[in-house]
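Please examine the model shown below, together with its sequence. The paragraphs after it treat the secondary structure, the individual chains and the interface.

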Amino acid sequence: MKIAICVKEVPDPTAEKRIDPGTNRLVRTGENTLNPYDRHAIEEAVRIKESGVETEISIVLVGPASAARTVDKALAQGGDRSVHLADDGLADSDILATSRALAALLERDAYDLVLFGQQASDAECYVMAAAVAERLDRPCVSQAASLTLDGSTLRVKRQVETGYDTVEMPLPAVVSVSDAINEPRYPSLPAIMGAKRKPHEVLSLADAGIDPDTVGGAGSRTTVRGLSKPAGRGASVRIEDDGTAAEKILAFLVENKVVV
Amino acid sequence: MDFDLSDEHAALRDTVRTFAEKVVAPVAEELDREHRFPVDIVRRLGEMGLMGVPFPVEVGGGGGDTLAYALTIEELARIDSSVAITVAAHTSLGTSPIANFGSAAQTERYLPDLCSGRRLAAFGLTEPEAGSDAGATRTRAVEQPDGSFVVNGAKMFITNAGTELSGVVTITALTGDGEITNLIVENGTPGYEISPPLRKMGWHASDTRALTFADCHVGPDAVLGPRGAGLRQFLAILDGGRISVAALALGLAQGAYEQALTYARQRNAFGRPIAAFQAIQFKLADMETEIAAGRHLVRHAAWLKDRGRPFAHAAALAKLYTGELSHRVVNEAVQIHGGYGYMDEYPISRFYRDQKILEIGEGTNEVQRLLIARAII
């Protein structure tokens, strides 16, 4: 079984996000790291491997050359090899362009399963898995809360607002896993020390056979025209607990038709 | 010259930091209050290869170097000194004698369990009346006609000997007139008695015991290295251990400083955050400066050891300086917290209690000064 995990390098999620007012883009010059949601996808692949299914786990990343450290972090978490598309021509790619690059990388190999984290902690778009699946013409399920392999069929419990859907899909397929699917393990010291020694494939756009006009700024179809802070919460009601707070909260909720 | 950590070292530091913040920090106060040994945390550290950082992967170790080990201890101590000393004592004092001086049979027998954290190791050097004066050891091991030994004596302030994971202690014993030999004694050996946990000022979640040996019989295979090599062996063990205790002091100081900084930004007095007052700013500036200096000393000592160069002097400098700087930093960190710093509501009071031993354990400040003075005069 060949599993690919598409991972992203993001600004350290514990640091405050800053927008460059000149470019309307997120400032990425600080500490960067592995998107924390991707750890759940890696953990799920490792569990499939540990269940006895012969599995090769590939880490797939589109990002600058400096993201090699993030590739190694993902490998330490549990990958066997990596494919890193690093090319200056990728700068300014939007979802459309990045999904094109990822799909091109994924088409280079016959992956049975492509996993994503549910979202990236920087752009918070949630849609990359679906965009890539569309390009690959493969079935896609998002918000997977559990995965069960049965031969060439994958059963996915999908977290929805009202409970769970159970979806069966044939492989090959694309799945984005929810952050409730597992608790990712901490990488071990030997795995951290050994990450660099695993096979790394670093490709340029030309290596991957990607037309430079279809990615980067040239291949993107969205432009950030402006940014503004969300509107304030408006008038809020403050309730001090003098022993009747619960009743007051209930009255407020009923009045605003939150509960009936 | 390169002051950057390698990618691997940086990744390790980040991993241990996250683990300490997510797994250790939420239970640190409870472990301290209940004087409870963190069995589950040790098990998880073992799974991560952190109970045997500097030992080779082939024997079950983490395959790291001294710098990796120092970073691990620093990051753990930034959150909880009890967990940090449990790892440090197990690694530097408990496991390293066997790893460095043990026979093939001894390393094969003990290291896989020790490096993985399935078993804990202790080192019994200090005695009720032999601390800094370790040569005054009174514990005696008398050789029998069959080559075995009968041990009688007592050890004091021993870390990791009495937990449910404790498997083995290496002790120094007199095997002849002025002849010190190290012996490996397994938990459960008849005549090896372990006291209840000792009551202490800090390090409440770490295991500290008094040990007694009453006609304790160990086989010839308990001898570590050549007979009579005990003094040379324990001096080498202590030299290495100093780097980890220095890293522990550094981590404690870093943690205390960060807490003080956070508190100073939040706490208002006279209509402003207290961080706006120069009296507080200067304290924080001094902390930042001294911690940076201490970090260079610790990393330099680790760097020398990793290159196989003499490191004992650098380790003594690092141990002395970080021991004393951790005292100054934690003292001012409590001061910045004011009355709340004296309450157990904030972790800083635990840090304050955990600090003092860093100027005593594994060579007092005075012993470090003696070592340093001997090297320069």
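Helices (H or I, at least four residues) and strands (E, at least two) are DSSP runs, numbered from the N terminus. The model is predicted, so that local features need pLDDT of at least 70 and side-chain atom pairs count only at pLDDT 80 or more, while totals for chains, interfaces and linings use all residues. Residues are numbered from 1 along each chain as its sequence is written, chains are lettered from A and ligands numbered from 1 in the order in which they are written, and side-chain values use heavy atoms, with hydrogens and water left out.

Several backbone features of chain A fall in loops. Glu124(A) has a phi near 55 degrees, a positive value in a residue other than glycine, and its place is in the loop between strand 8 and helix 4 (128-136) of chain A. Asn24(A) is another non-glycine residue with positive phi, here near 60 degrees; the loop that holds Asn24(A) runs between strand 3 (19-20) and strand 4 (25-26) of chain A. The peptide bond that joins Leu171(A) to Pro172(A) is cis, with omega near 0 degrees. Pro172(A) belongs to the loop between strand 11 (163-170) and strand 12 (173-177) of chain A.

Salt bridges are counted where a side-chain nitrogen of Lys or Arg is within 4 Å of a carboxyl oxygen of Asp or Glu. Over all chains, the search finds 46 salt bridges. One of them pairs Glu201(A) with Arg108(A), at 2.7 Å from N to O. This pair links distant parts of the chain, 93 residues apart: Glu201(A) is in strand 13 (residues 200-203) of chain A, and Arg108(A) is in the loop between helix 3 (95-106) and strand 8 (113-117) of chain A.

Chain B contains 11 helices and 9 strands. Its C-alpha atoms fill a box of roughly 80 × 45 × 40 Å, taken along the principal axes. The radius of gyration, taken over C-alpha atoms, is compared with a globule rule of 2.2 Å times the number of residues to the power 0.38. Chain B has 21 Å, which agrees with the value near 21 Å for a compact globule because the chain has 377 residues. Helix 8 (residues 312-337) of chain B has 26 residues and reaches 37 Å from its first C-alpha to its last, close to the 38 Å expected at 1.5 Å a residue; that expected span is 1.5 Å times one less than the number of residues. Just after helix 8 of chain B, Gly338(B) takes a positive phi of about 60 degrees.

How much area do chain B and chain A bury between them? The figure is about 1,400 Å², with 65% of it on carbon and sulfur atoms; buried area is the accessible area (1.4 Å probe) that two parts lose on being put together, summed over both. Asp7(B), Glu8(B) and Met48(B) supply 37% of the area that chain B buries against chain A, more than any other three residues. The contact (heavy atoms within 4.5 Å) takes 21 residues from chain B and 11 residues from chain A.

Across this interface the rule finds 3 salt bridges. Asp7(B) forms a salt bridge with Lys196(A), the closest N and O atoms being 2.9 Å apart. On the side of chain B that touches chain A, helix 1 (7-34) and helix 2 (39-47) of chain B each supply at least two residues. Helix 1 of chain B gives the most to that side, with 10 residues.
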